[in-house]
Amino acid sequence: MNSKVTVFSAILLAGLVYLLLVSFLPKDAFWISDGGNKYIQLQNLVRYGTPAMEYPAADLDPDRLFFPYSGFHFNRIGDKIHSYYPFYFSLLSLPFFEMFGPSGLYILPIIGALATLLLTWLIMLELKITDR
């Protein structure tokens, strides 16, 4: 079989495995804090048009004394609370989230993973790394 066909078949297979895994994973649960934090940013972008954290208890706690800052995950800037993590990924994921719901959050990571596999293969070709 041609080397290009083999590589593209492997990349396609990896993509199918990713899609299969995504179909079984919970769509709105995250096992690391930055993923959950970015999801909160996304929810705030959808609901309020800003990545700043909306504090539901602001009427009861206007000084935000009881906001769960949780170490370094949130920063208070003036009267706004922002995530420590940049909001770019949440903003780029927003159209996919609006089209596909929580499943859309996996589109960019899958594209990134497949692009990484393809670029790795292209680098191997450029460096003349073979399967010896």
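Predicted model: local features only at pLDDT ≥ 70, side-chain atom pairs only at ≥ 80, totals over all residues.

Trainee: How many helices and strands does the protein chain have?

Mentor: Helices (H or I, at least four residues) and strands (E, at least two) are DSSP runs, numbered from the N terminus. The protein chain has four helices and two strands. Their order along the sequence is α-α-β-β-α-α.

Trainee: How do I read a helix pair?

Mentor: Two packed helices are described by the angle between their axes and the distance between the axes. Axes are lines fitted to C-alpha atoms, for helices over the stretch in contact, and angles run from 0 to 180 degrees between N-to-C directions. Here the axes of α3 (residues 88-100) and α4 (residues 107-126) come within 9 Å and cross at roughly 115°.

Trainee: Which residues of α3 and α4 make the contact?

Mentor: Contact means heavy atoms within 4.5 Å. From α3 come F89, L92, S93, F96 and F100; from α4, I107, L108 and P109.

Trainee: And the chain as a whole?

Mentor: The C-alpha atoms fill a box of roughly 70 × 30 × 25 Å, taken along the principal axes. Buried residues (under 20% relative accessible area, 1.4 Å probe, protein chains only) make up 26% of the 132 residues. Of contacts with a separation of 6 or more, 50% join residues 24 or more positions apart.

Technical notes. Residues numbered from 1 in each chain as written. Heavy atoms only, no water. Buried < 20%, exposed > 50% of the residue type's maximum accessible area, 1.4 Å probe, protein only.
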